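Biologist: I want to learn how to read ring pairs and sheets in a model. Can we go through an example together?

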Amino acid sequence: MSNLPDTIFMTEAMERWKCDRKAIDKGISDGLIIAFKPGKRKLIDVESGDKWFLASQIKPKRELDIKTGKILPRGRRRCR
């Protein structure tokens, strides 16, 4: 048994996270994605890549009232 992490190649990572090579390379250079290069091709750690991808979730600027289906004005939140 080896303790090596699950890794994928760059092309597989681009397909998995639906982004281009530059975005993944930037995540690697920023230290957000763990990668290895034992030979000619990069091996990318799946777990750190998934965390990087999920951290890029877009938060809504406005809040939706669930009961009425209307968008609440900015800065005002429903207290009930």
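Modeller: We will take the sheet and then the aromatic rings. Keep in mind that this model is predicted.

Biologist: How do strands come together in a sheet, and what is the strand order here?

Modeller: Strands of a sheet pair through backbone hydrogen bonds, either parallel or antiparallel. Here 3 strands form an open sheet in the order E1-E3-E2. The pairing is antiparallel.

Biologist: Which strands stand at the edges?

Modeller: Strand E1 (7–9) and strand E2 (35–36) do. Each has a single partner strand, so one side of each lacks a neighbour in the sheet.

Biologist: How many bridges join E1 to E3?

Modeller: There are 3 bridges between E1 and strand E3 (residues 43–45). Look at Thr7: opposite it stands Asp45 in E3. Helix H1 packs on the sheet and touches E1 and E3. The direction of H1 makes about 100° with that of E1.

Biologist: Now the rings. How is an aromatic pair described?

Modeller: By the distance of the centres and the angle of the planes. The count here is 1 aromatic pair. The ring centres of Trp17 and Trp52 are 6.2 Å apart, with planes at 80°, so this pair is edge-to-face.

Biologist: Where in the chain do Trp17 and Trp52 sit?

Modeller: Trp17 is in helix H1 (residues 10–17) and Trp52 is in helix H3 (residues 46–54). They are 35 residues apart, so the pair links distant parts of the chain.

Biologist: Are Trp17 and Trp52 buried or exposed?

Modeller: Both Trp17 and Trp52 are buried.

Biologist: What lies over the face of Phe9?

Modeller: Arg41 does, at 3.8 Å from the ring centre.

Note on methods:
Residues numbered from 1 in each chain as written. Predicted model: local features only at pLDDT ≥ 70, side-chain atom pairs only at ≥ 80, totals over all residues. Heavy atoms only, no water. Phe/Tyr/Trp six-rings, centres within 6.5 Å; stacked < 30°, edge-to-face > 60°. Helix = DSSP H or I, 4+ residues; strand = E, 2+ residues; numbered from the N terminus. Buried < 20%, exposed > 50% of the residue type's maximum accessible area, 1.4 Å probe, protein only. Lys NZ or Arg CZ within 6 Å of the ring centre and 35° of its normal. Pairing = 2+ DSSP bridges. Contact = heavy atoms within 4.5 Å. Axes fitted to C-alpha atoms, helices over the stretch in contact; angles between N-to-C directions.
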